[in-house]
Number of protein chains: 2
Amino acid sequence: MMKLLIVGGVAGGASAAARARRLSEDAEIVVFERGPDVSFANCGLPYYVGGEIAQRDKLLVTTPERLRTRFKLDVRTRSLVEAIDRVGKKIRVRDLAAGREYEESYDKLILAPGAAPLRPAIPGCDLPGIFTLRNLQDVDRIQQQVSRGVRQAVVVGAGFIGLEMVENLVKRGIATTVVEKNGQVLTPFDPEMTTPILETLAAQGVSVLLGQTAESFQQSPDGLVVRLRSGQRLTAQLVILGVGVRPENKLAVDAGLEGGPRGGIRVSEFLVTSDPDIYAVGDAVEVRDFVSGDPVQVPLAGPANRQGRIAADNIFGRPAKYRGTQGTAIVGLFDRTAAITGASEKSLRRAGRPYRKVYVHPAQHAGYYPGAEPMTLKILFHPETGKLLGAQAVGGAGVDKRIDVLAVVIQAGMTVFDLEEMELAYAPQYGAAKDPINMAGFVAGGMLRGDHPQVDVEAVLAAPADRRPFVLDVRTSQEFSAGNIPGATNISVDDLRSRLDELPRDRDIAVCCQVGQRGYLATRMLRQKGFSASNIGGGYKTYRLFQPKPRGAPAT
Amino acid sequence: MMKLLIVGGVAGGASAAARARRLSEDAEIVVFERGPDVSFANCGLPYYVGGEIAQRDKLLVTTPERLRTRFKLDVRTRSLVEAIDRVGKKIRVRDLAAGREYEESYDKLILAPGAAPLRPAIPGCDLPGIFTLRNLQDVDRIQQQVSRGVRQAVVVGAGFIGLEMVENLVKRGIATTVVEKNGQVLTPFDPEMTTPILETLAAQGVSVLLGQTAESFQQSPDGLVVRLRSGQRLTAQLVILGVGVRPENKLAVDAGLEGGPRGGIRVSEFLVTSDPDIYAVGDAVEVRDFVSGDPVQVPLAGPANRQGRIAADNIFGRPAKYRGTQGTAIVGLFDRTAAITGASEKSLRRAGRPYRKVYVHPAQHAGYYPGAEPMTLKILFHPETGKLLGAQAVGGAGVDKRIDVLAVVIQAGMTVFDLEEMELAYAPQYGAAKDPINMAGFVAGGMLRGDHPQVDVEAVLAAPADRRPFVLDVRTSQEFSAGNIPGATNISVDDLRSRLDELPRDRDIAVCCQVGQRGYLATRMLRQKGFSASNIGGGYKTYRLFQPKPRGAPAT
């Protein structure tokens, strides 16, 4: 009879345990969880702080008791696994409640220890009022601090969890400043795609300090003082550190299991570690990036769940491969949503991989139906084959849908030409006869077929003065005067045919409109009349993404 | 210089015209439209009746004037094309405003005449107060009638447009009865998937008379009397006929172009008719069903738009194929959404094609986040390869997203095994770590791998008494007493391990829970203990879909 031990009882561990029981009614399955809870809703923690999730017990997806009765699992909470004896095939466990140690033998072992929030070695980072966020106990402590009266908060790190915490602190009426060491928020995204997020944060009164780090924390009569590298000092009664996580690899490293360059536990595509009797899943493992093939460390709940399932399948004689992680992620921030799947432009550039890109700015549903909200959708694809490499979207409703569709496109290995042909559900409340997905496909397909030459706005702006193209803005004069690319000439597309003689024949022309559609028509028109014209992809709206407004002053 | 004539200026015709201009700045392009408007929002018409779309001009996606100035198109509205002289390559046009006729020659001709609402030959069907719905003029007439004071309305036909009209009439405070000749509403769907729609209609006070036809219309002091086949008489001041459309094929038939069995104009995959200089697109053409390969007639805006584009591509030297239509469609009805893509179960059964099916009833996003709403998702797939053949969903938010994802899966030729691995965007407001798509994949994959034997609830119910399986309901006793499958025995899954001796070893066991998940665990458990157990797919919730409650009495 198989004896399976699982270290960690949250996403990957709990999935593995439930799957294992379904595959084998008779196996002995023991789950060791360091904390008091199993299978809690990590991704819900910030929303409990904000009050959106009102009851704490909603965060308990299941309980040790439920796992025991329903799945006949031996669940041991507050049990820290301290060492693996690979030769003897046993582990050493510390029972934190009873304070005793014991050994447990295994046939197979699954490691699902997760990842721990980084606590940078900043002077004062252990002062009261400074928290990281991993589990319900962390949230309880944060709630306690908030209930003591927090007027100002500082969130260090503008990643997914950092910004979710920002939203929820603002919803509690707390003046919040976010400090981010990079020059952008949400670093998995390309920087220009985060401009609408910066606007949302500014509109909500959040101060965003980019390119800044916290240098020290000190106690003060008003709570804490956070001193930044710039010398600036922020006062706060609550500090959240959301600067990333590191895989919990100690157990694996001590046992001599192979690790990857980022500290994750190395596993095969069957999720076996370098020891054939030990599997590892979830935030602690290094997986293959589905698009690039590179090893990556992706702490996400969905992949952890699927990995748990796959490890159990393999252990119980159903060989299954994990296809890699494509980094599909989403974050809601007030009325905005930002989502990503596959490769980003910066990751492609960093890796020296060829790509082209397209921006479209459609509404999520038919413009004639009330409630249409604009979104910006960026796709990245191979310059020859058109194979989709990545996608990012930011906007309101419907962003999640388009990124999910494009996640499937990447999984399928489909191209931008396939996007043109997609038959998606259309009624005016839900989409458009030409869905944003189709629109992105039309633009990208037209580009690759040579019908729709495009120029990136960054290239136009970066060109030296003597080689800068003639920028032709084909919007109406009203649109033009409301804001335009410096140096542009305005001739409305509707007047263009009769004013061709005003355009240079000895210079490249970069055509610009609001979102790229009129510019496309104008570009087609001009090229057929012998001009060397290209369309600025995504038009003035894309230009604006590259020109974020300066942020407001911090809420000191 | 190419001279292109386009008959019809709405979805397919307008798309073809705009695309043609982008491809050729110099071509002479003339668009003939019988009505006064081009490119109006057909799909928005019901929402203008209901007041959701408040301004009539919102329905005008573009205007003849805009097409003239921006696209240099010769747009002739109120112009009826009466005949095609294929030998002389010219058409005869009646200018309805001037009352004169003239000829126009062409190099290439695109037919985009659309489809006309059927007006069944029922006595009295031309009485005032009885309307069909195709264009803005129809809506104007309906609005006029409503403004005269309509207390009761009858909608004949419970298809997409019929039900959209029902919703909007109810929103105007009109007591509405819908009469449908089939035994279900929304006939593209499988009947059980429409049960939630019937519930919504009942909750909104709408009377739904299935299996009924209108036999005559008569004037009465209260407006109109609709006499049904049953003899029942309904009083109404407004009647909408929404019983389907027929392709506008007269022009094509008179010109000797080949047609299909359903009256549509026959076209190649390049959208050429039997005359190489004549293309046809939109609701008037017969296309290939992408899943079955059969010829079909699908009057939808998305395909019409794409076809218009493709026809123009082919005419201007960019060979492009139309891949067929997969029947992706969606309808919103009060707070419910129903959507479909690919083949239905009944179409597969009719065609004698092999399939298996799975129902899941997940929430659209994490249950711990407020606002989780249940949906029912049904997928149909090949019994050996697992290739996805079709999908239907009904629920609230998130139905559109899952059907769009599955539409792409069908386009890609992917399988249920691919659904298991999909990495979709998860944060608690948007999805789940195991998305409904993953769940459907897990169940279907488990079924095909033999890990998860399932039985369809219809098969259990239809089995003769002596071969009927032992129905084991593994829900709690509270759930069981709130409603169960007649004859079922209740043992909660949590008690099952200790009560195996109460189960028959000489009989098939059909396990039932609420949505199929506990039933799956119980089935796994029982089979490993030697019982011949299968899980009722989708559990009691699926059973309920097959047991629609009787509808309320009509609002006479």
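Between chain A and chain B, about 7,500 Å² of area is buried, and carbon and sulfur atoms give 52% of it. Buried area here is the accessible area (1.4 Å probe) that two parts lose on being put together, summed over both. R70(A), Y368(A) and E423(A) supply 11% of the area that chain A buries against chain B, more than any other three residues. The model is predicted, so local features need pLDDT of at least 70 and side-chain atom pairs count only at pLDDT 80 or more, while totals for chains, interfaces and linings use all residues. Residues are numbered from 1 along each chain as its sequence is written, chains are lettered from A and ligands numbered from 1 in the order in which they are written, and side-chain values use heavy atoms, with hydrogens and water left out.

A look at the interface itself comes next. In chain A, 81 residues are in contact with 81 residues of chain B, where contact means heavy atoms within 4.5 Å. Across this interface, 16 salt bridges are found, a salt bridge being a side-chain nitrogen of Lys or Arg within 4 Å of a carboxyl oxygen of Asp or Glu. One of them joins R309(A) to E420(B), at 3.4 Å from N to O. Helix α10 (residues 399-412) of chain A gives the largest share of the side of chain A that touches chain B, nine residues. Helices (H or I, at least four residues) and strands (E, at least two) are DSSP runs, numbered from the N terminus.

Another salt bridge pairs D451(B) with R318(A), their closest N and O atoms being 2.8 Å apart. This pair crosses between chains, from the loop between α12 (436-448) and β27 (454-455) of chain B to the loop between α8 and β22 of chain A. D451(B) is buried at 5% relative accessibility, whereas R318(A) is partly exposed at 24%; buried means under 20% relative accessible area, exposed over 50%, and partly exposed in between (1.4 Å probe, protein chains only).

Over all chains, the structure holds 92 salt bridges. Within chain A, E65(A) and R68(A) meet in one of 3.5 Å, N to O. Because these two residues are three apart in helix α3 (residues 64-71), about one helical turn separates E65(A) from R68(A). K321(A) and E269(A) also form a salt bridge, with closest N and O atoms 3.5 Å apart, and this pair links distant parts of the chain, 52 residues apart. Both partners are partly exposed, K321(A) at 45% relative accessibility and E269(A) at 41%.
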